[in-house]
Amino acid sequence: MSSKVSAMKTPSSSLITLLPEDVIIDILARVQRCDYPTLSLVSKHFRSIVESSEIYARRSLLGCTENCLYVVLYDTETRHERLYILRQIGNRNRNRQLLLLSSLPAMHYCRSFFAVGPRIYMFGGNPKDITLSIDCRSHTVQTLPSMPVPMSNTIAGIIEGRIYVIGDYESKKVMLVFNTETQMWEHEIVKIDTELRSMWKWSYGCVVMADKLYMRDDKHSFIYVPKKSK
């Protein structure tokens, strides 16, 4: 009897895999993103689909995109940072909680985080020249080329696919530019002649408006115009 039951279950469980690939992507694109980790455990085929760019392009066409909130929490005991995602629990919209992304390793302290499309970029910290990219589709970490110079106390802003990272280097403020298309640092190191006091200590950060970087320290406000390098 058990062998008959097993024989009956096998065809039904693999029925979806008999469909054309395009149809499978169309079906899985309609599933909530929070269920993708479970889907990835079904088979290697499903894992490759939910981690592919095709399924997210299909989700966009179908209007099935979702906004996800990621939170970085610092553990004062281990001195490491862990990434969490705010997920809905059950069928009620109000039931949400932060869930640890266990697939991502504990990371050393990073100063700046910046979201670009499906990726979160991390700059500076320990070591000071570290550059990481977290793929929010597959929840994997990629090590990117190190900063041309090690910087601490960094802040960042993005304009037209370029991330402008400002920080301390040898007691001076400098700016580096990371190209998100080439995934490389540009060679030029911009030295900031204007005296900037501590921007990170007071959590002022950086804001981008009209292709300009707006920042402030504890006393003054500053604007940087990339097109004029001013």
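Cys206 finds its bridge partner in E14, namely Met215. The model is predicted, so to speak of local features a pLDDT of at least 70 is needed, side-chain atom pairs count only at pLDDT 80 or more, and totals for chains, interfaces and linings use all residues. Numbering starts from 1 along each chain as its sequence is written, and side-chain values use heavy atoms, with hydrogens and water left out.Strands E13 and E14 (residues 212-216) pair in the antiparallel sense over 4 bridges; strands are DSSP runs (E, at least two residues; helices are H or I, at least four), numbered from the N terminus, and a pair requires at least two DSSP bridges. The open sheet has 3 strands in the order E13-E14-E15, with antiparallel pairing. Strand E13 (206-209) and strand E15 (221-224) stand at the edges with a single partner strand each, so one side of each lacks a neighbour in the sheet. From one strand to the next, the twist averages 25 degrees (axes are lines fitted to C-alpha atoms, for helices over the stretch in contact, with angles from 0 to 180 degrees between N-to-C directions).

The largest pocket holds about 390 Å³ of space. A pocket here is an open set of points on a 1 Å grid over the protein atoms alone, where a 1.4 Å probe fits, with protein on both sides within 12 Å along at least five of seven lines; lining residues have an atom within 4 Å of a point. Volume is the space filled by probe spheres set on the points, which are joined across faces, edges and corners. Of its 18 lining residues, Arg33, Tyr70, Gly117, Pro118 and Cys136 are the closest to the centre of the largest pocket.
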